[in-house]
Amino acid sequence: MSNKITLLIDGNNTLHRTHWIANNTGKLLVNSKGVNVGSIFTFLKTIKSYVDQFNANEVYIAWDRKLTRETPNFRNVLTNGTYKGTRDHERNKNVYDSMDEILAAVDLLGVKNIFPGHLEADDVISWLSKSVVGKKIIISVDRDFIQLVAPDISYYNPIKKQLVDNINFEEVFELTPREYLYFKAIVGDKSDNLPGVEGYGEVKGMKLARLYRAYVDSETLSLKDVEIINTNKAVIESNLKLMDLSYGLNQYPQEVELYSKQVNDLSTFAPDFNKFKEVCVELEFNSILNKIGDWQATFLKKHNENLLTEYFKAFE
């Protein structure tokens, strides 16, 4: 396995958290022009902290902003429009005010922004986690990504500051990654407005998840266990279509082509610190400018290491 470390960051999830931090936990960061630039500043600092923490060679940020808008997301179709229907859009309407500025700024750091066509950032990260060579670390508080943990894929929750990999997975969750996906389908997801099997909470849900895994693997089950499976099978299978991050990619094969093209187009992407400094001057990010050497060490170092790796590959 390659020693390369790639961060796969949930952009919308990170933006929501950094926007809240910037606007609810202290004095607002307003520059001399009267512009609140706190969300941009906090987002940039957060991304740098992740690169430093994991000594990453490459960074992708996946966003929910769709490149193709002609057809609805299949999850909305399967749920008759109720998917994520309970989210407070009014409360979150200001979160994306600075998104374009954030996209432009992280571009200049050499961070690779990537977008879905019809699907969501979750699906993009799922594909990247299977396609990018080396060790991948998914960063989000969204627990949907936990199902993707594998020998070369880890999951980091920045609020809990918890890293889950294939070694400690069962110790943390008492389930295998596949059983965890079944567990999610059984208990549902309130944040996405997806009800689960009625009467099943965490304890019963874990038990049924193990049972369902045995059923899928064609293990011998008692008549009572088969009856339990048959009683709840319709809800589980319906939710798996919505929660299994491989399902959407199978429904939209053109998504894979779109992601592949973006990755290919970004393959020679490089930091531009002259322009990044100009942006920091414009936004009055003096604390970044005062430590611009640290930022260059973080992002240029990784870029130069990648160039050297590709150079020496030519002699293999």
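**View A. E284 has a relative accessible area of 28% and is therefore partly exposed.** The term covers the range between buried, under 20% relative accessible area, and exposed, over 50%, for a 1.4 Å probe and protein chains only. The model shown is predicted, so local features need pLDDT of at least 70 and side-chain atom pairs count only at pLDDT 80 or more, while totals for chains, interfaces and linings use all residues. Residues are numbered from 1 along each chain as its sequence is written, and side-chain values use heavy atoms, with hydrogens and water left out. Look for E284 in the loop that joins α12 (273–283) to α13 (286–290). Helices (H or I, at least four residues) and strands (E, at least two) are DSSP runs, numbered from the N terminus. E284 is not a glycine, yet its phi is positive, near 65°.

**View B. N55 is another non-glycine residue with a positive phi, here near 50°.** This residue sits in the loop between α2 (38–54) and β2. Its relative accessibility is 44%, which is why N55 counts as partly exposed.

**View C. Helices α7 and α8 meet in a right-handed crossing.** From α7, the contact uses R178, E179, Y182, F183, I186 and V187. From α8 come E202, G205, M206, L208, A209, R210, Y212, R213 and V216. By type, the residues of this contact are nine nonpolar, five charged and one polar. Here Ala, Val, Leu, Ile, Met, Phe, Trp, Tyr, Cys and Pro count as nonpolar, Asp, Glu, Lys and Arg as charged, and the others, Gly among them, as polar.

**View D. α7 also passes α9 in a right-handed crossing.** The axes of α7 and α9 cross at roughly 115° and come within 8 Å. L181, Y182, K184, A185 and I186 take part from α7, and I236, N239, L240 and M243 from α9. Seven residues of this contact are nonpolar, one is polar and one is charged.

**View E. The largest nonpolar core holds 47 residues.** Such a core is a set of buried Ala, Val, Leu, Ile, Met, Phe, Trp, Tyr and Cys residues joined through side-chain atoms within 4.5 Å. I114, L128, I138 and I236 touch the most other members. Among the elements that each supply at least two residues of this core are β2 (58–62), β5 (153–157), α5 and α9 (223–243). The largest share, six residues, comes from α7. Apart from this core lies another, of 38 residues, including I47, Y156, I288 and W295. Back at I236, the contacts beyond four places in sequence are A185, I186, V197, L208 and Y212, where contact means heavy atoms within 4.5 Å.

**View F. D123 is a buried residue, because its relative accessibility is 0%.** D123 belongs to helix α5 (residues 121–131). Which residues does D123 contact, leaving aside neighbours within four places in sequence? They are R75, L245, L249 and Y259. For scale, N157 lies 34 residues from D123 in sequence and 18 Å from it in space, C-alpha to C-alpha.

**View G. H16, in helix α1 (residues 11–24), is the subject here.** With a relative accessible area of 27%, H16 is partly exposed. Beyond four places in sequence, H16 is in contact with N92, V95 and Y96. H16 and Y96 are 80 residues apart along the chain, and their C-alpha atoms are separated by 8.4 Å.

**View H. L108 is found in helix α4 (residues 99–108).** At 15% relative accessibility, L108 counts as buried. Not counting residues up to four places away in sequence, L108 touches P271, D272, F273, K275, F276 and V279.

Definitions and conventions
A crossing is left-handed if the near helix is turned anticlockwise from the far one by less than a right angle, and right-handed if clockwise. Axes are lines fitted to C-alpha atoms, for helices over the stretch in contact, and angles run from 0 to 180 degrees between N-to-C directions.
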